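Thanks for coming, everyone. Let's get the structure up on the screen and walk through it.

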Amino acid sequence: MTAMPPASTPVPAAVPRHLAVIMDGNGRWAERRRRPRIIGHRAGARAVNVCIDFCLERGIRALTLFAFSSENWGRPQEEVGALMKLFMNALDREVEELDRRGVRVRFIGERERFSPGIRERMDAAENQTRGNQRLDLVIAASYGGRQDIAAAARALAADVSAGLLRVEDIDEAAVASRMALADLPPPDLFIRTGGDHRISNFLLWQLAYTELWFTELLWPELDAATLQSAIDDYARRERRFGLTSAQVADATTEQSPA
Ligand code: IPE
Ligand code: IPE
Ligand code: MG
């Protein structure tokens, strides 16, 4: 066992490589102000920029934002329609600046459920920003974790029936490679605003060993200080991945430079 570094040695705070966020509480934010829920969604769009700025400043390399779930289609038509308009405007307004800042934008979820206008803008945003490397920004829209797993199962079955894959070769890696976010490290840290402690069908497979962090703050109230507390909390946690504390400590000392 290698000796522990002296207590005075500054240990760089662990920065998550990939942050996954459930942006919740827009509706309640508006309702508390006796305003229509869509006003909350509009305010929530501003908080998205707070979050992106934070990742760019702190060197977080990937950010996945849950913008609209497969289940959110079931909301009142008026709210869904207003959200679609907001989505369209955001795509028109933000992509140029994201591109300029080196952000690669991608979308996960059932794209075919969106209008042709939104789909075209999604495709265009992805094409325009494809070469960027500073931050991978993934927008989960019409996304559901179960739907993601079902799609991977379908892809596996298709490969088996086409003779490209043998049933006995289906392992975790084979499933993972057919899921959304396959090319990114799994999220290190998950943040949910709005006070509810649940996953709400977000990334079910990918969150297996993600650290979870919740705040009562509503999404439109998000600020850099709150994100910083999440990151600070994350840096203090011990991720064991099923091993013992001693094993984790050994692995950490072995990896760090002498
Ligand atoms: C999250 O805010 C945004 C979407 C789901 C589109 P909500 O609209 O769920 O806000 P609350 O949870 O009702 O306050
Ligand atoms: C999760 O929030 C989905 C998004 C933030 C896009 P919901 O508001 O839909 O989740 P529940 O209904 O509270 O579980
Ligand atoms: Mg909600």
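One definition before we start: a residue is called buried when its relative accessible area is under 20%. Keep that cut-off in mind. And keep in mind that this is a predicted model.

Look at phenylalanine 107, in strand 3. Is phenylalanine 107 buried or exposed? Its relative accessibility is 9%, so it counts as buried. What does phenylalanine 107 touch, leaving out residues up to four places away in sequence? The list is Phe87, Leu91, Met122, Ala125, Glu126 and Ile139. For a sense of distance, take asparagine 127, which is 20 residues from phenylalanine 107 along the chain. Their C-alpha atoms are separated by 12 Å.

Strand 3 covers residues 103–108, and valine 105 is in it. Valine 105 has 3% relative accessibility, so it is buried. Set aside its neighbours within four places in sequence, and valine 105 is in contact with Leu98, Ala125, Glu126, Thr129 and Leu137. Now pick leucine 63, 42 residues from valine 105 along the chain. The two C-alpha atoms are 9.8 Å apart.

Now step back to the whole chain. There are eight helices and six strands. In order along the sequence, the pattern reads β-α-α-β-α-β-α-β-α-α-β-β-α-α. Why call the chain compact? Its radius of gyration is 20 Å, close to the 18 Å that the globule rule gives for 258 residues, so the chain is as compact as a globular protein of that length. The C-alpha trace spans about 60 × 55 × 35 Å along its principal axes.

A few more totals. Of the 258 residues, 43% are buried. Take contacts between residues at least 6 apart in sequence: 74% of them join residues at least 24 apart. The accessible surface is about 14,200 Å², with 53% of it belonging to carbon and sulfur atoms. On charge, the chain has 34 positive and 36 negative, and their mean positions lie 5 Å apart.

Next, strand 5, residues 189–192. Which strands does it pair with? One is strand 1, residues 18–22, which runs parallel to strand 5 and is joined to it by four bridges. Valine 21 has isoleucine 191 as its bridge partner there. The other is strand 6, residues 211–214, also parallel, also over four bridges.

How do the side chains of strand 5 point? Leu189 and Ile191 go one way, Phe190 and Arg192 the other. All of them are buried, Arg192 included. The general rule is that side chains in a regular strand alternate between the two faces of the sheet.

Leucine 181 is not a glycine, yet its phi is positive, about 70°. Leucine 181 sits in the loop between helix 6 and strand 5. With a relative accessible area of 9%, leucine 181 is buried. Phenylalanine 241 is not a glycine either, and its phi is positive at about 50°. Its loop runs between helix 7 and helix 8. Phenylalanine 241 has 45% relative accessibility, so it counts as partly exposed.

That's the tour. Over to you.

Key. Residues are numbered from 1 along each chain as its sequence is written. Chains are lettered from A and ligands numbered from 1 in the order in which they are written. This is a predicted model: local features need pLDDT of at least 70, side-chain atom pairs count only at pLDDT 80 or more; totals for chains, interfaces and linings use all residues. Side-chain values use heavy atoms; hydrogens and water are left out. Buried means under 20% relative accessible area, exposed over 50%, partly exposed in between (1.4 Å probe, protein chains only). Helices (H or I, at least four residues) and strands (E, at least two) are DSSP runs, numbered from the N terminus. Two strands pair if DSSP finds at least two bridges between them. The radius of gyration is taken over C-alpha atoms; the globule rule is 2.2 Å times the number of residues to the power 0.38. Contact means heavy atoms within 4.5 Å. Accessible areas come from the Shrake-Rupley method with a 1.4 Å probe; for residues, only the protein chains shown count as cover. Lys and Arg count as positive and Asp and Glu as negative; His and the chain ends are not counted. The place of a charge is taken as NZ of Lys, CZ of Arg, CG of Asp or CD of Glu.
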